[in-house]
Amino acid sequence: MSVSVDPTSVQSSGTEPAEALRPHAEDAFAAELAALAAQDDRPRPARWNMSPWAVTTYLLGGVLPDGTVISPKYVGPRRIVEVAVSTLATDRALLLLGVPGTAKTWVSEHLAAAVSGDSTLLVQGTAGTPEEAIRYGWNYAQLLAHGPSREALVPSPVMRAMAQGATVRVEELTRIPADVQDTLITVLSEKTLPIPELGQEVQAVRGFNLIATANDRDRGVNELSSALRRRFNTVVLPLPASVEAEVDIVARRVDQIGRSLDLPAAPDGFEEIRRVVTVFRELRDGVTSDGRTKVKSPSGTLSTAEAISVVTGGLALAAHFGDGVLRPADVAAGILGAVVRDPAADRVVWQEYLEAVVRERAGWTDFYRACREVSA
């Protein structure tokens, strides 16, 4: 049986890749990065595409002297970003720490894109991440045919970044087994990666650094050894400080995701976004926004990232099965799925919150009915 594949769905003409569902940061924001680099006259560390000031502006947003608007990629305290960027300009690695959904991966990707112009040097941490993902592997056909050689060696993203003087990312560092984590100690302290099979080593070129992300809230966490933790400068990314800040983050990301998926903008969706954020924050904090009523918290994290997912899903429902206007019924099922992770305990928490808080809140009658309908 033969299967025909439209070549344009895999690759467009020439060497240009087909339209990506989620472009890398350096591709999605290429115009902003180019504008910043062109107008950046401040000192740049070795092999950086722009100065630390420009990297910070790229992350936090701003307006350049020529009027170019740089969109904010991270909404949070400026000092946190400044510390992260300045760390990368030193010989210490950067550890972005925070609960799930605090934009650790998002920030690390944009930092790498701004500093090195390449966010694809990435090690994805899992319970099965092998040592070869951090050090190097072997092309076994070459190895068997000719023995150990540089031609048979398969460099890891870390090794490639060391040789290029670039920034490498290690996502979910605490999910990697402890003995594999410690492979990084020599890399971060000596800036050297030994290759004992060849009697050689790879020394890091100026400009090399590493960004790791980690959280200690999920299951399957492997604590970092004290020796490894000392090699990092740790920056904690907090949850948004206020409802307004979180609503702004969710609205911005939903708009970006919606445009990438060709979803129509929800003209009256701001109120529903605020409701989703309010529900998540109250259940997360264990108290209503006015501080008068204590509520139980479910087992899930109810992060900003989950709020973005709920609203994006609701927007898709409104676009394809509604009139294009984001309504309570479009987000109710998503909220239920985010809150009720434990079918027994979390369902009780959700029902109590609905009856004690949502039902009594002025202007939330339609939202209460939609949530009751999907929770029945």
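**Reading a sheet and a core**

Guide: In this predicted model, five strands form an open sheet in the order 4-7-10-3-11, and their pairing is parallel.

Visitor: Which strands stand at the edges of the sheet, and why is one side of each left without a neighbour?

Guide: Strands of a sheet pair through backbone hydrogen bonds, in either a parallel or an antiparallel manner. Here strand 4 (122-124) and strand 11 (232-236) are at the edges, and because each has a single partner strand, one side of each lacks a neighbour in the sheet. From one strand to the next, the twist averages 20 degrees.

Visitor: How many bridges join strand 3 and strand 10?

Guide: Strand 3 (residues 93-97) pairs with strand 10 (residues 209-214) in the parallel sense over four bridges, and Leu-96 stands opposite Thr-213 in strand 10. Helix 4 (residues 78-88) packs on the sheet, where it touches strand 3, strand 10 and strand 11, and its direction makes about 165 degrees with that of strand 11.

Visitor: Which residues touch the most other members in the largest nonpolar core?

Guide: In soluble globular proteins, nonpolar side chains tend to be buried together. The largest nonpolar core has 37 residues, of which Val-279, Phe-280, Ile-335 and Trp-350 touch the most other members. Among the elements that give two or more residues to this core are helix 12 (270-285) and helix 14 (328-339).

Visitor: Which residues of helix 14 are buried, and what covers them?

Guide: The buried residues of helix 14 include Val-331, Ala-332, Ile-335 and Leu-336, and what covers the buried residues of this helix includes helix 12, helix 13, helix 15 and helix 16. Phe-280, for its part, is in contact with Ile-335 and Ala-338, among others.

How values were computed
Residues are numbered from 1 along each chain as its sequence is written. This is a predicted model: local features need pLDDT of at least 70, side-chain atom pairs count only at pLDDT 80 or more; totals for chains, interfaces and linings use all residues. Side-chain values use heavy atoms; hydrogens and water are left out. A nonpolar core is a set of buried Ala, Val, Leu, Ile, Met, Phe, Trp, Tyr and Cys residues joined through side-chain atoms within 4.5 Å. Buried means under 20% relative accessible area, exposed over 50%, partly exposed in between (1.4 Å probe, protein chains only). Contact means heavy atoms within 4.5 Å. Two strands pair if DSSP finds at least two bridges between them. Axes are lines fitted to C-alpha atoms, for helices over the stretch in contact, and angles run from 0 to 180 degrees between N-to-C directions. Lists of a residue's contacts leave out its neighbours within four places in sequence.
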